[in-house]
Amino acid sequence: MKYDLSSVGIHRNLQYECITTTINSDKEKNSAAFAFIYLGDDKVMCRIFEGSKSLENIKQTKRYVVNITQDPLVFTRSTIDKLPDEYYTDDEDIAILKDSGAYLVIDVDEIEMKTPNDFPIKNDTNIYFIKGTINDFVIRDESAQAFNRGFSGLIESLVNCSRYKIVDGEKKKYYKDRLEENKRVIEKVSDEKTKKAMEILAEEYEKN
């Protein structure tokens, strides 16, 4: 089955920051912030590091939910703490965020482990590539939009641009280094419009 996810701002082969929710065999629910990639039609992929509770739950149930939200508290609590039970719906066999603007239920097709040698990263932890099929796509709020972190990098670089023009020395280098890091992220995860915007901005930095 083909799905059109563009209504929630999701486009093929781009990366979005969403909240992944899972449940284990003991009915304990868990949430975590993971990048989500739409591969087209009804196929998706995410990457999860070894040791994650979400990964263990996915291995058990072969299912997870991608919740589309921009709630800063949900992202923060899902990253550094356990999200309280009141954030979830009352469903007993699936974990869904109560206030997400939209969500996708994913059935897992393939779990592939990659070592640091296969997928270079800055530590020695294995990472798992998880491919799946969209089982359901529900929009609760027509204004819901998935978040692409490249846009945050662009905004940060725009804010820094005016500062870059009036500082010198180490501070100037700091802002230029931040620009280069944001360019790297945008090249990896963002659409062509955001890449073009960063290209224009980088040219502005070079004038100073």
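Colleague: How do the residues of the lining of the second largest pocket divide into nonpolar, polar and charged?

Modeller: The model is predicted, so local features need pLDDT of at least 70 and side-chain atom pairs 80 or more, while totals for chains, interfaces and linings use all residues. Residues are numbered from 1 along each chain as its sequence is written, and side-chain values use heavy atoms, without hydrogens or water. A pocket is an open set of points on a 1 Å grid where a 1.4 Å probe fits, with protein on both sides within 12 Å along at least five of seven lines, and its lining residues have an atom within 4 Å of a point. With Ala, Val, Leu, Ile, Met, Phe, Trp, Tyr, Cys and Pro as nonpolar, Asp, Glu, Lys and Arg as charged and the others as polar, this lining has six nonpolar, five polar and two charged residues.

Colleague: Which element gives the most to the lining of the largest pocket?

Modeller: The lining of the largest pocket holds 13 residues, with Gln15, Ala35, Arg47, Phe49 and Arg149 nearest its centre. Two or more residues come from each of the strands E1 (15-23), E2 (29-40) and E3 (43-49). By class, the lining divides into eight nonpolar, one polar and four charged residues. With four residues, the element that gives the most is E2.

Colleague: And which residues are closest to the centre of the second largest pocket?

Modeller: The lining of the largest pocket has eight nonpolar residues. The second largest pocket is lined by 13 residues, and the closest to its centre are Ala146, Asn148, Phe151, Asp191 and Thr194.

Colleague: Is H3 roughly parallel or antiparallel to H4?

Modeller: H3 and H4 (residues 169-189) pack with their axes 9 Å apart, at an angle of about 155 degrees. Axes are lines fitted to C-alpha atoms over the stretch in contact, with angles from 0 to 180 degrees between N-to-C directions. Angles under 35 degrees count as roughly parallel, over 145 as roughly antiparallel, 65 to 115 as roughly perpendicular and the rest as oblique. The angle therefore makes H3, relative to H4, roughly antiparallel.

Colleague: How many residues of the contact of H3 with H4 are charged?

Modeller: Contact means heavy atoms within 4.5 Å. From H3 the contact includes Arg149, Glu156 and Arg163, and from H4 it includes Lys172, Lys176 and Arg178. Beside seven nonpolar and five polar residues, the number of charged ones is six.

Colleague: Is H3 roughly parallel or antiparallel to H5?

Modeller: The axes of H3 and H5 come within 10 Å and cross at roughly 15 degrees. That angle makes H3, relative to H5, roughly parallel.

Colleague: How many residues of the contact of H3 with H5 are charged?

Modeller: Among the H3 residues in this contact are Gly150, Gly153, Leu154 and Leu158, and they meet H5 residues including Ala197, Met198, Leu201 and Glu204. The contact divides into eight nonpolar and five polar residues, and the charged count is one.

Colleague: How many charged residues are in the contact of H4 with H5?

Modeller: The axes of H4 and H5 come within 10 Å and cross at roughly 160 degrees. That makes the two helices roughly antiparallel. Alongside seven nonpolar and two polar residues, the charged ones number five.
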